[in-house]
Amino acid sequence: MGEEGTEGTVHLLCLAASSGVPLFCRSSRGGAPARQQLPFSVIGSLNGVHMFGQNLEVQLSSARTEDTTVVWKSFHDSITLIVLSSEEGTSELRLERLLQMVFGAMVLLVGLEELTNISNVERLKKELRACYRLIDSFLGDSELIGDLTQCVDCVVPPEGALFQEALSGIAEAAGTAFASLLVSGRVVTATESWWRLGTPEAVLLPWLVGSLPPQAARDYPVYLPHGSPMVPHRLLTLTLLPGLELCLLCGPRPPLSQLDPQLLDRWWQPTLDPLRACLPLGPRALPADFPLHADILGLLLLHLELKRCLFTVEPAAEKDPSPAQRRCLLRSFYALVTATHFPPEPGQQEEKAEDTAQQAHVPRACYLVSGTEEPGTGWRLVALQVGPRRLLLLLSAQSPCHGLRGLAARTLQALTPLL
């Protein structure tokens, strides 16, 4: 299994479907933004072959060359997105979900009306510049994984009930049912209405806040791709501590000025010490005292019905591989097991014909060894699904293969009360 995201280039193209006019092109190399642009002739050829297929009622969705994977996707017969990736081990599933997230980001910040009724291409190009920072964060080496799993990145706070009470109080004072507390783009806690937000906005809103430069307060217009793609809402954010932000999703009221320091102090001052304890939870996701086996180098826990996940590569940080490599390994393994082994996730359109006929033969667990199976060599990756929960573990080379399933089962049992 290749390490998805290792040295390679990703090009993302956005075109008006009817005219083929490029609206933007974004690129990254090795997880960092790149200035390298595709020649116009290549862009025209990629769009031309897709349009040619459509005229013959043939849907061209993906193609592979020796070193590049290409995926096409049209949205509302108005926008065509094309992604090319030469990253080692890149999966089509990852690129398909990337395009879904990119279009969701475009709707989030521009609105569906502007994207489906293109009256002025040049004006739309200017409006889409507001999406670049968010889109570039999908192409880069993010510490989050919601872009791939389509589940909300979460952390487990030490004082969950205390935060929930404070959050509900300030949401009521602000006259909204939608509120959340975020640390480094991950949800610490949220109101029930916020948790009920649909896909993709449930993933996009925290990701957007995490991608923006730090500010004490923001009043940001957003559309909800699933819930309100035509009418904008207001996303209000207030920084409680550096890296820790309160988010409120509102209508025309209240004005940002109504959320004065006195109101914040009333609800958050009693929780100041627990709030400070949340700051390291960003990359760690789990409480510091949560017991993990010494062989675990990274984990991804998904609750497929709640659409939430816990993701960390912090355990045993002093050991190889690096955090970036661990993220790549777990992302690649997730794409592999999701596309080939486990049943389609709730709400996904990626069902295969044989899935329905072979429900009795759905795997419960699988593992993979990169390198050889000899003790002390190669990384171990194991996946286990029980009910709505799916756990993926990255384990050190010292972990014996015959014990992988048992270790995964014990870890999942310990994590189940948290998610």
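Predicted model: local features only at pLDDT ≥ 70, side-chain atom pairs only at ≥ 80, totals over all residues.
I number residues from 1 along each chain as its sequence is written, and side-chain values use heavy atoms, with hydrogens and water left out.

Confidence check: pLDDT is the predictor's confidence in each residue, from 0 to 100. The chain's mean is 88, and 93% of its residues reach 70 or more. Over residues 350-355 pLDDT stays under 50.

Next I looked up aromatic pairs (Phe, Tyr and Trp rings, the six-membered one for Trp, with centres within 6.5 Å; planes under 30 degrees apart are stacked, over 60 edge-to-face, the rest tilted). The structure has 3 of them. One is Phe24 with Tyr132, edge-to-face at 5.7 Å centre to centre and 65° between the planes. Phe24 is in strand E2 (residues 22-29) and Tyr132 in helix H5 (residues 132-139), so the pair ties together parts 108 residues apart in sequence. Helices (H or I, at least four residues) and strands (E, at least two) are DSSP runs, numbered from the N terminus.

Are these two buried or exposed? Buried is under 20% relative accessible area, exposed over 50%, partly exposed in between (1.4 Å probe, protein chains only). Phe24 is buried at 6%, and Tyr132 is buried at 19%. Tyr132 also has the charged end of Arg26 over its ring, 4.1 Å from the centre.

Note on methods
Lys NZ or Arg CZ within 6 Å of the ring centre and 35° of its normal. Contact = heavy atoms within 4.5 Å.
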